[in-house]
Amino acid sequence: MRYLPLTDQDRRQMLATIGAASIDDFYEDVPVSARLSGAIEGLPSHQGELAVERHLSGLASRNRTADDGPFFLGGGAYRHHVPASVDMIIQRSEFLTTYTPYQPEIAQGTLQTLFEFQTQVAAMTAMDVANASMYDGSTACAEAAVMACRVTRRKKVIMSGGVHPHYAAATRLLCEAQGIEVIQLPPAIDGELDLIESVNDDTACVIGQSPNFFGTITDLSPVSEAAHANKALMVSVFTEAVSLGLVTPPGEMGADIAVGEGQSIGGALNYGGPYVGLFACKDKLVRQMPGRLCGETVDADGQRGFVLTLSTREQHIRRDKATSNICTNSGLCALAFTAHMSLLGGVGLEHLARLNHEVACDLADALGAIEGVEILTPRFFNEFAYRIPKSAGPVLEKLLAKGVVAGVQACRLLPGQGLDDVMITSATECNTPDDIAAYAAALKECLS
Amino acid sequence: MSMQTVGRLSQPVVTGTSDCVTVSGSKGLLQREDLLFEVGAANQTGVDLPGLKNRSDRLGGVRRAQPLQLAGLSEPQAVRHYVRLSQKNYAIDLGLFPLGSCTMKHNPRLNEKMARLPGFANIHPLQPESSVQGGLALIDELADWLKRLTGMPAVAMSPKAGAHGELCGMLAIRKALEVRGELASRRRVLVPASAHGTNPATAIQCGFTVDEIKADARGRVDMADLELKLQQTDDIAAIMLTNPNTCGLFETDIKAIADLIHAAGGYFYCDGANFNAIVGRVRPGDLGVDAMHINLHKTFSTPHGGGGPGSGPTVLSDALAPYAPLPFVERTEAGLRLVENDCEESQHSFGRMIAFHGQMGMFVRALAYMLSHGGDGLKQVAEDAVLNANYIQVRLKTVMTPAFSGYCMHEALFSDAFTAEGVETIDIAKALIDEGYHPMTMYFPLVVHGAMLIEPTETESKQELDRFCDVMTDIAARASRGHDSLLTAPVNAPVKRLDETQAARRPVLKWQPPVNEAIAAE
């Protein structure tokens with residue numbers, strides 16, 4: 001078998017060295033009734049590369065990829081172009097096949113890239129400090145909520161109706177397990193500022209999102225002010241990291257904690273994972289942060305080096321008193337993010353963001369010109385919601401039949417909220433004028 | 001798996017500058033590489049984008065006020081930057097990586113190739129179901145393998161890592177207790193002293209309290225202590241037990257433990273981090289387990305990637321299956337369907353843990369691994385992993401101190417009893433670095449003094465094992481003599497021992513431009 005180096009002769013020799021009669025000797029502690037006598041039913045035998053490749057390629061070929069035609073789907077995961085060198089970098093053996101950098105003398109490569117990642121995320125979000133990544137944006141959001149409760153010693157979280165519904169669900173789940181009350185305002189396309197009315201002196205944090213689930217961008221500064229007036233924290237969420245190049249970032253809006261999804265930079269769509277959660281906060285909160293942190297130090301010769309630090313927050317040291325149970329993060333996706341960001345640089349990210357916005361404006365112009373289409377999102381970055389005079393789900397299927405993946409029906413993530421006729425659509429640098437024309441023509445046909 | 005650092009923090013003795021000082025700061029193949037912010041320039045970019053039309057915007061004035069000051073790199077600079085940095089990392093592809101409880105095995109490249117097929121990598125989680133039937137079929141097929149290998153009836157695919165799988169299992173238990181109307185009274189979770197730190201941390205995250213069970217002299221759960229803790233109580237929610245345990249031993253009384261916890265009205269959470277030792281030979285479902293996460297990045301070889309991404313599908317017993325999280329794949333006559341929202345099939349679900357459906361990229365790799373090995377190969381994986389660990393244990397038992405007597409499973413555990421005064425486990429670890437090895441897991445599990453946990457995995461040849469044992473024998477001899485060379489190790493690594501104490505006392509967590517540059521920018 002191609003992945004197993006031991007030969008039968010090796011095995012016999014090793015058993016002899018050990019003094020065991022057979023491999024079964026090592027399993028003597030297993031209760032007799034739980035020892036399997038033969039092969040597990042229903043599992044095939046080993047196969048060569050060719051056969052495995054054939055089987056998996058067969059499954060892959062049954063999926064419609066984002067490159068198979070006009071594609072305008074966002075909703076928390078975005079199709080962007082990733083430079084070829086990024087994938088080459090993350091496939092370097094020394095990055096791909098190493099572990100968490102617990103032995104810093106032989107992990108400076110990983111550690112320095114994490115330090116660079118933290119620097120980039122802090123700058124992009126305009127926050128003081130960022131950690132070395134979380135699983136994804138939704139779990140980062142949940143961790144931010146419970147962190148705010150630890151900091152304020154309060155047990156109530158208020159979320160806007162524009163927070164991504166999956167983020168809201170993940171946050172509710174973790175909070176409720178810890179006895180934290182979560183109040184979510186009803187879904188609203190342009191309702192982030194409604195948070196101002198809801199905050200009071202027992203609020204741990206308010207969670208607002210910009211751009212929100214419907215694509216609306218909002219200056220959340222007044223929400224932060226209201227939160228701070230009540231000694232509550234402001235948590236600012238984003239699902240589209242490219243927006244940080246153009247839209248007001250969390251730190252400029254008074255956020256105490258910024259969380260979001262980093263998939264847009266360096267990440268593939270991957271049918272939803274793995275992605276990379278971004279988590280940043282103010283300096284004074286750093287010791288309450290979840291996840292790993294990389295810090296600068298010196299070695300015995302006084303040379304600069306990097307180590308994982310402030311580990312006394314973490315489960316492997318603090319066990320039941322840790323700030324989170326998180327252990328593994330999203331290291332390789334963070335590397336892809338930092339490699340892509342280093343290619344873009346600040347100017348490149350701004351350019352990319354402006355390009356996204358222009359394509360999205362062109363799309364909004366084209367769709368808005370169709371009779372019956374009403375663009376609902378008042379201010380947007382690269383995603384917006386629109387209403388059609390029909391149920392959105394069946395229209396999406398018809399558009400798919402015409403070769404266009406047009407977006408997502410809002411009611412797929414927000415069922416039973418009277419949003420059946422609302423579509424959410426996104427445009428990026430990957431969409432051409434032809435894609436937009438094809439989308440508009442197909443939609444027009446579906447609505448006429 | 002996390003490595004414990006309960007030993008002393010690294011706070012090196014300053015030895016002066018190293019013997020080989022070069023003008024460039026590089027040493028032969030090892031190139032000096034500064035931070036990308038020092039290498040690049042503020043107006044540099046390595047991406048050519050189409051020009052802008054400068055059309056009217058729809059931002060409504062919600063624009064970034066301060067321009068983003070981040071250096072960029074051209075492509076040649078970027079490639080060189082990361083290649084140089086990569087060469088300061090140890091990796092499985094370079095050599096034996098005996099990090100106990102982490103299962104650092106070879107990562108087949110076929111799996112990388114398969115995960116990059118556009119039909120998997122370039123599909124969006126919110127595409128209509130009809131356009132992703134192959135993706136749903138892959139999840140369903142992987143789920144089927146996991147259920148068969150564990151002998152469990154259900155599996156939750158969405159957890160993003162091992163600790164996240166623990167959270168999944170414990171939330172299912174929480175929900176089951178809630179449905180039974182006993183959530184308020186059953187608050188206590190039993191956790192052995194040898195457990196991974198994630199276990200108690202997870203129990204607390206779910207609102208439970210943690211009660212520690214002792215280990216006995218054989219490195220297993222102390223049954224007397226367990227029975228005592230279960231006597232006349234009705235507040236037990238669950239036990240969280242790793243099997244094989246973190247001492248690298250099979251819990252001999254595991255069925256009795258399962259029976260006791262069930263009789264006390266609690267559930268049995270099994271930490272599946274060490275499944276590699278038993279895959280294909282023992283099914284957790286036959287041991288009375290109610291929930292167990294499977295680290296696809298351990299047993300099923302998805303790459304560790306320098307600390308993730310992982311994936312932690314969690315198998316569930318009949319008792320817990322109804323509470324599985326959303327979403328899940330359902331087989332219907334019309335094809336595969338993704339159940340994403342509250343509905344009749346999901347009426348008891350404890351909710352949604354994440355955005356979308358799980359670590360698809362990891363699922364593809366894990367299934368490629370399973371198909372490559374087959375049922376027969378996976379059994380051989382477990383057997384070779386256990387054989388390799390026992391071989392190391394036997395070869396080193398006369399020079400080091402095995403923590404427990406008898407055979408081990410997939411990892412061999414030693415205490416620091418053989419070391420001379422002043423030499424600690426960390427010193428042995430750093431000496432291994434000088435010899436070209438990644439150290440074993442150190443100071444974990446906590447129940448063994450100065451623990452050294454060595455897990456070779458099945459993808460090491462006998463020759464590699466012999467070479468490692470020869471090196472370890474020499475280091476152990478030096479450690480028992482109290483040889484000075486250990487205290488300054490490593491000297492052959494890209495950097496010497498790092499000052500972790502300073503890093504924690506005055507945290508510097510990001511690069512900042514030198515002061516004069518910062519003023520110039522304003």
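In this predicted model, helix α10(B) and helix α12 (residues 462–481) of chain B pack with their axes 10 Å apart, at an angle of about 30°. Angles under 35 degrees count as roughly parallel. The two helices, α10(B) and α12(B), are therefore roughly parallel to each other. Their crossing is right-handed. On the α10(B) side, the contact is made by B:Asn388, B:Tyr391, B:Ile392, B:Arg395 and B:Leu396. On the α12(B) side, B:Leu465, B:Cys469, B:Met472 and B:Thr473 take part. By class, the residues of this contact divide into 6 nonpolar, 2 polar and 1 charged.

Helix α10(B) also meets chain A. Its partner there is helix α2 (residues 49–60) of chain A. The axes of α2(A) and α10 (residues 360–396) of chain B come within 9 Å and cross at roughly 140°. That makes α2(A) oblique to α10(B). The cut-off explains the label: only angles over 145 degrees count as roughly antiparallel. The crossing of α2(A) and α10(B) is right-handed. From α2(A) come A:Val52, A:His55 and A:Leu56. They meet B:Val364, B:Ala368, B:Leu371 and B:Ser372 in α10(B). This contact has 5 nonpolar and 2 polar residues, and no charged ones.

Now take the two chains as a whole. How many residues of chain A are in contact with chain B? The number is 173, and they touch 180 residues of chain B. Which element gives the most to the side of chain A that touches chain B? That is α11(A), with 22 residues. By class, this side of chain A divides into 84 nonpolar, 59 polar and 30 charged residues.

Helix α11(A) has a packing partner within chain A as well. Helix α5 (residues 108–125) of chain A and helix α11 (residues 331–368) of chain A have axes that come within 9 Å. They cross at roughly 65°. The crossing of α5(A) and α11(A) is left-handed. From α5(A), the contact takes A:Thr110, A:Thr113, A:Leu114, A:Glu116, A:Phe117 and A:Gln120. From α11(A), it takes A:Gly331, A:Ala334, A:Leu335, A:Phe337, A:Thr338 and A:Met341. The class count for α5(A) with α11(A) is 6 nonpolar, 5 polar and 1 charged residues.

Step back to the build of chain A. It has 14 helices and 13 strands. Its C-alpha atoms fill a box of roughly 80 × 55 × 50 Å along the principal axes. For 448 residues, a compact globule would have a radius of gyration near 22 Å; chain A has 25 Å, which agrees.

Chain A is divided into domain 1 (84–340) and domain 2 (346–447). The C-alpha centres of these two domains of chain A lie 28 Å apart. Their contact takes 16 residues from domain 1 of chain A and 22 residues from domain 2 of chain A. The domain 1 side of that contact has 9 nonpolar, 5 polar and 2 charged residues.

Chain B is assigned domain 1 (19–41 + 67–88), domain 2 (112–369) and domain 3 (376–505). How far apart do the C-alpha centres of domain 1 and domain 3 of chain B lie? The distance is 32 Å.

Last comes the backbone. Most residues other than glycine have a negative phi, and most peptide bonds are trans. In chain A, a cis peptide bond joins A:Ser210 and A:Pro211, with omega about -10°. A:Pro211 is found in the loop between β4 (205–209) and α9 (221–229) of chain A. In chain B, a cis peptide bond joins B:Gly308 and B:Pro309, with omega about 0°. B:Pro309 sits in the loop between β6 (291–293) and β7 (314–316) of chain B. Which residue has a positive phi although it is not a glycine? That is A:Lys231, with a phi of about 55°. A:Lys231 lies in the loop between α9 and β5 (233–238) of chain A.

Technical notes: Residues are numbered from 1 along each chain as its sequence is written. Chains are lettered from A and ligands numbered from 1 in the order in which they are written. This is a predicted model: local features need pLDDT of at least 70, side-chain atom pairs count only at pLDDT 80 or more; totals for chains, interfaces and linings use all residues. Axes are lines fitted to C-alpha atoms, for helices over the stretch in contact, and angles run from 0 to 180 degrees between N-to-C directions. Helices (H or I, at least four residues) and strands (E, at least two) are DSSP runs, numbered from the N terminus. A crossing is left-handed if the near helix is turned anticlockwise from the far one by less than a right angle, and right-handed if clockwise. Two residues are in contact if their C-beta atoms, placed from the backbone, lie within 7 Å. Ala, Val, Leu, Ile, Met, Phe, Trp, Tyr, Cys and Pro count as nonpolar, Asp, Glu, Lys and Arg as charged, and the others, Gly among them, as polar. Domain bounds come from an automatic or database domain assignment. Angles under 35 degrees count as roughly parallel, over 145 as roughly antiparallel, 65 to 115 as roughly perpendicular and the rest as oblique. The radius of gyration is taken over C-alpha atoms; the globule rule is 2.2 Å times the number of residues to the power 0.38.
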